[in-house]
Amino acid sequence: MLKLSGNVCRKTMAIVLSASLKYRPSVLPGQGVREYIKVKVASRRVSCRMLIYSLLFFTFLLRFVFVLTAVDTIDGESKCSTLGCLGKKLGPRLLGRRLEPKVPDVMYQILDKPMSKDELQGRLDNIPQTLEDFMAEIKESKPDAKTFALKLREMVSLMEQRTRTAKIQEYLYRHVASSSIPKQLHCLALRLANEHSTNAAARLQLPSAELVPSLVDNSYFHFVLATDNVLAASVVAKSLVHNALRPQKIILHIITDRKTYFPMQAWFSLHSLSPAIIEVKALHHFDWFTKGKVPVLEAMEKDQKVRSQFRGGSSAIVANETEKPNIIASKLQALSPKYNSVMNHIRIHLPELFPSLKKVVFLDDDIVIQTDLSPLWDIDMNGKVNGAVETCRGDDKFVMSKRLKSYLNFSHPLIAENFHPNECAWAYGMNIFDLEAWRKTNISLTYHHWLEQNVKSDLSLWQLGTLPPGLIAFHGHVHIIDPFWHMLGLGYQENTSFVDAETAGVIHFNGRAKPWLEIAFPHLRPLWTKYINFSDKFIKSCHIRAS
């Protein structure tokens, strides 16, 4: 409805449009010439009727633009109606805004449906093998949204399947490479065993009789190394003594197994590290180990039986098509011989093995010492048992981001009820153990209790290895030390720089890429090989080389 009141040229004018248009422009009264509506076009005054028609026209045009902008693609098709296309192109320009394109719902519906391996096999010839092929096909066929989503799903599913297969193969090859004994190390052990049987100089008592009392003297710095790897032991020992400010105060207790005892004794008999004192002892030489039942051996036997029953061999693990590659990798790692080696579990019995000692530093065989370690004896442990580097804080987020949830299965009620998932973890490899404080606790009993619980739970409480039960047994008994004393990850973090590693007090090649294997990282291996004399007759005869 339209109303005009008064003389348009001399009086007030009010314009009221129809209610259906929901638009009420009005011109309010003013003073003097402002009470007139004056529109000049080419210096001529336009009549009020023309003004009214103009307002009606622009009102209709505004509503028409709104209709155009509301029209979108129909059913996800790439083509659109004339009105819809005009709305999408013209509407935003007139309104001064840009419409963001939306992904059609049909694409979500297609991509949400996974493809089976059988479905893919039947369409391999029609699936683009590269992104370039995919884009060329799309540009040529100009498919609708549904067809586009189907082709995209096929290509991504194929790539995902091939990536999974490649990852699993990589994990399998790494498992084989890291679990096998390199022929060079096997050769070294055999040659040293032969030397032990033919050369009296290779059968020296270690240490000599006059130095035996020092083995229980707490004024010395006592280090313990448990290993069946002669070459690795030689690097740990040499790097320890070479960097010591007072090597005459160093005692290294090397614990090995029965088969490696003679080669180990031969090596350290023929390669003296005097004035440091080296003791080489096999497990069967310890009175405690030969008396009655040894809990760690019983737990290992049960663990091995359960693992063989529920894990299967590497072929069965790799053949599983439902598990993620990282789960398969952890299962393969669980088959590693080191997890079944008593050398890896023996640290939990240090108080029984060394009843006269008050404090020791336990070393893994895949470390290199790069500084004097005697200051470790000056650290106040505040009554704690285990001095260790925590692994949840640091610049390297890949290595230093480990919490209890990284090792323990918090979906199991036994774990969830007793521990907090975000509690910081710590590392084995270079640990200070206060044996006096340890003897006042039930740490060893706790360790074996949880090993039993894990066996009863079909190995479902934690990832395989000795660190998870250690995290539980030493819970509340750990004193955190400066990370300078223990740099981790050189066996799996390829991005570790040589410069950063060189400045650490102790570097640890934890992971599969051990420095004595061909899969070791080439830029980090020299930090380990620098302590090997490649001109030594045993090293040369077994073709052990720096690279």
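Predicted model: local features only at pLDDT ≥ 70, side-chain atom pairs only at ≥ 80, totals over all residues.
Residues are numbered from 1 along each chain as its sequence is written, and side-chain values use heavy atoms, with hydrogens and water left out.

**Figure 1. The whole chain, for orientation.** The chain has 22 helices and 11 strands; these are DSSP runs numbered from the N terminus, with helices (H or I) of at least four residues and strands (E) of at least two. Out of its 547 residues, 45% are buried. Buried means under 20% relative accessible area, exposed means over 50%, and partly exposed is in between (1.4 Å probe, protein chains only). Take the contacts (heavy atoms within 4.5 Å) with a separation of 6 or more: 72% of them are between residues 24 or more positions apart.

**Figure 2. Helix H7 crosses helix H9.** Two packed helices are described by the angle between their axes and the distance between the axes. Here, the axes of H7 (residues 183–198) and H9 (residues 258–270) come within 8 Å and cross at roughly 75°. The axes are lines fitted to C-alpha atoms, for helices over the stretch in contact, and angles run from 0 to 180 degrees between N-to-C directions. On the H7 side you'll find Leu188, Ala189, Leu192, Ala193, Glu195 and His196, which meet Phe262, Pro263, Gln265, Ala266, Trp267 and Leu270 of H9. Sort the residues of this contact and you get nine nonpolar, two polar and one charged. For that sorting, Ala, Val, Leu, Ile, Met, Phe, Trp, Tyr, Cys and Pro are nonpolar, Asp, Glu, Lys and Arg are charged, and the others, Gly among them, are polar.

**Figure 3. What surrounds helix H9.** Buried residues of H9 include Thr260, Tyr261, Met264, Trp267 and Phe268. The helix's buried residues pack against H7, helix H8 (230–242), strand E4 (250–256), strand E5 (277–282) and helix H22 (537–541). In the loop between H9 and E5 sits Pro275, and the peptide bond joining Ser274 and Pro275 is cis, with omega about 15°.

Figure 4. A pair of aromatic rings is described by the distance of the centres and the angle of the planes. The structure holds 14 aromatic pairs, counted when rings of Phe, Tyr and Trp (its six-membered ring) have centres within 6.5 Å; planes under 30 degrees apart are stacked, over 60 edge-to-face and the rest tilted. Phe221 and Trp377 make a tilted pair, 5.1 Å centre to centre with 55° between the planes. The two are 156 residues apart: Phe221 is in strand E3 (residues 221–226), and Trp377 is in the loop between strand E7 (367–369) and strand E8 (386–388). Phe223 and Trp377 also have ring centres 5.1 Å apart, but their planes are at 65°, so this pair is edge-to-face. Phe223 is in strand E3 too, 154 residues from Trp377. Phe221 and Trp377 are both buried, and Phe223 is buried as well.

**Figure 5. An aromatic cluster and two charges over rings.** Trp426, Tyr428, Phe433, Trp438 and Phe474 form one aromatic cluster. Arg347 lies over the face of Tyr428, 4.0 Å from the ring centre. Elsewhere, Lys249 lies over the face of Tyr220, at 4.5 Å from the ring centre. To count, NZ of Lys or CZ of Arg has to be within 6 Å of the ring centre and within 35 degrees of the ring normal.

Figure 6. Phe148 belongs to helix H6 (residues 145–179) and is partly exposed, with a relative accessible area of 26%. Leaving aside residues up to four places away in sequence, Phe148 touches Met107, Phe134, Ile138 and Pro143. Lys142 is in the loop between helix H5 (131–141) and H6. Its phi is near 45°, a positive value in a residue other than glycine, and Lys142 is exposed, at 65% relative accessible area.
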